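Here's a walk through this structure for someone meeting it for the first time. Keep the model open and follow along.

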Amino acid sequence: MAREDSVKCLRCLLYALNFLFWLMALCVLGVATCLRDHLNNVLTLTADTRLEEAAVLTYSPVVHPVVIAVCCFLIIVAMVGYCGTLKCNLLLLSWYFGSLMVIFCVELASGVWTYDEPKVQRSDMISLKSRMPHFGLQRYQWLTHAWNSIQTELKCCGVIYFTDWLEMTEMEWPPDSCCSHQYPGCARHAHYHDLSDVHQEGCGPKIYSFIRGTKQLQVLRFLGVSIGVAQILAMTLTVTLLWALYYDHKPPDPASPDTLTHIHAHSSAEDSLKPSHSNPRVPEAWANMSPNGHTQFEMEQLPYQPVRPD
């Protein structure tokens with residue numbers, strides 16, 4: 001009875017862990033997808049600079065394609081583990097344990113291999129000004145899109161100040177993506193009427209803060225550590241459940257004390273059903289009962305007496 005309760009408790013814990021695997025893997029995929037779009041714009045602006053190398057070192061452990069593939073595979077593994085736990089299938093549970101071990105090793109190796117402190121300084125932000133003269137050109141539409149996305153998402157303008165656009169290009173006013181309330185011609189209207197409608201802070205310091213790490217990056221790191229701890233716990237519980245299920249399916253050993261006790265109890269029960277001659281309460285007819293259930297009667301032998309002739 002105690003073993004059945006233990007197996008039931010192990011199954012409930014594995015159900016909960018597999019549900020957590022689904023939730024955490026989906027959260028990692030969602031946050032990594034949003035962060036990847038923003039990272040692509042930063043990499044576009046910082047191409048061939050030290051900033052690009054620093055951004056890759058910072059975010060590659062969490063948005064690397066290997067990590068994304070591992071999260072997708074973890075969702076499938078969690079489904080297999082749920083089915084194996086539900087049906088108490090030794091084969092599915094063994095495959096589940098092996099898959100968790102492989103995923104854990106890949107995550108550990110990826111974290112160790114990609115761990116490095118980015119070497120970047122604020123003075124490196126000045127190199128972004130070299131990207132500004134190409135803004136708006138037909139052959140640099142991808143760069144124009146990156147600038148507009150960065151200035152809209154980070155709510156900034158230029159590199160150090162919004163006047164960088166007037167210094168580095170032939171534009172008379174900043175792009176419309178610098179406006180706090182964007183509409184066609186908003187920058188021109190702000191330039192002649194109210195400059196407060198244009199973001200005053202440059203994008204350089206915000207890109208520097210992004211490369212050093214964001215809240216989304218901290219969330220992904222926390223989820224990664226949580227998934228690793230949950231995998232260790234799930235592997236431990238799976239091994240324990242496998243041992244308990246294997247012990248239940250294993251044939252009993254004739255020489256074991258439990259088997260001998262069972263045999264002795266069974267023999268005692270059979271002996272109690274057999275008739276006993278020493279019990280005076282048992283009728284004599286029952287005592288003379290044959291194994292096939294028929295009563296044996298003994299005939300008394302009479303002495304022989306000769307017949308006298310008359």
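Looking about the S-S bond of C179 and C186, you get 105°, which makes the link right-handed.

A word on what you're looking at: this is a predicted model, where local features need pLDDT of at least 70 and side-chain atom pairs count only at pLDDT 80 or more, while totals for chains, interfaces and linings use all residues. Residues are numbered from 1 along each chain as its sequence is written, and side-chain values use heavy atoms, with hydrogens and water left out.

How many disulfides does the rule find? The count comes to three. In general terms, a disulfide is a covalent bond between the sulfur atoms of two cysteines.

Take C156 and C203 next: a disulfide joins them, with 2.0 Å between the sulfurs. C156 sits in the loop between α5 and α6 (164-168) and C203 in helix α8 (residues 203-212), so this pair ties together parts that are 47 residues apart in sequence. (Helices here are DSSP runs of H or I with at least four residues, strands are runs of E with at least two, and both are numbered from the N terminus.) The C156 and C203 link is right-handed, with 95° about the S-S bond, and both of its cysteines are buried.

Then there's the disulfide of C157 and C178, whose sulfur atoms are 2.2 Å apart. It links distant parts of the chain, with C157 in the loop between α5 and α6 and C178 in the loop between α6 and α7 (186-192), 21 residues apart. About the S-S bond of C157 and C178 there are 80°, and the link is right-handed. C157 and C178 are both buried.

If you count bonded cysteines along the chain, the disulfides follow the pattern 1-6, 2-3, 4-5. C9, though, is in no disulfide: the nearest cysteine sulfur, that of C12, is 6.7 Å away. C9 is partly exposed, with a relative accessible area of 45%. C71 itself counts as buried, at 6% relative accessibility.

Now step back to the whole chain. Which secondary structure does it have? It comes to 11 helices and zero strands. Of the 310 residues in the chain, 34% are buried. Look at contacts (heavy atoms within 4.5 Å) between residues at least 6 apart in sequence, and 72% of them join residues at least 24 apart. The accessible surface of the chain is about 20,100 Å², and carbon and sulfur atoms account for 63% of it (areas come from the Shrake-Rupley method with a 1.4 Å probe, and for residues only the protein chains shown count as cover).

Buried residues in α5 include L143, A146, W147 and I150. Just after α5, K155 takes a positive phi of about 55°.

N41 is found in helix α1, and at 11% relative accessibility it counts as buried. Leaving aside neighbours within four places in sequence, N41 is in contact with H145, A146, S149, I150 and E153.

Finally, stay with helix α1 (residues 2-45), where F19 lies. F19 counts as partly exposed because its relative accessibility is 46%. Together with L20 and L23, F19 forms a nonpolar patch on the surface, with about 270 Å² of accessible area in total.

Definitions and conventions
Buried means under 20% relative accessible area, exposed over 50%, partly exposed in between (1.4 Å probe, protein chains only). Patches are made of residues with over 30% relative accessible area and no salt bridge: like charges are joined within 9 Å, nonpolar side chains (Val, Leu, Ile, Met, Phe, Trp, Tyr) within 5 Å. A salt bridge is a side-chain nitrogen of Lys or Arg within 4 Å of a carboxyl oxygen of Asp or Glu. A disulfide is a pair of cysteine sulfur atoms within 2.5 Å.
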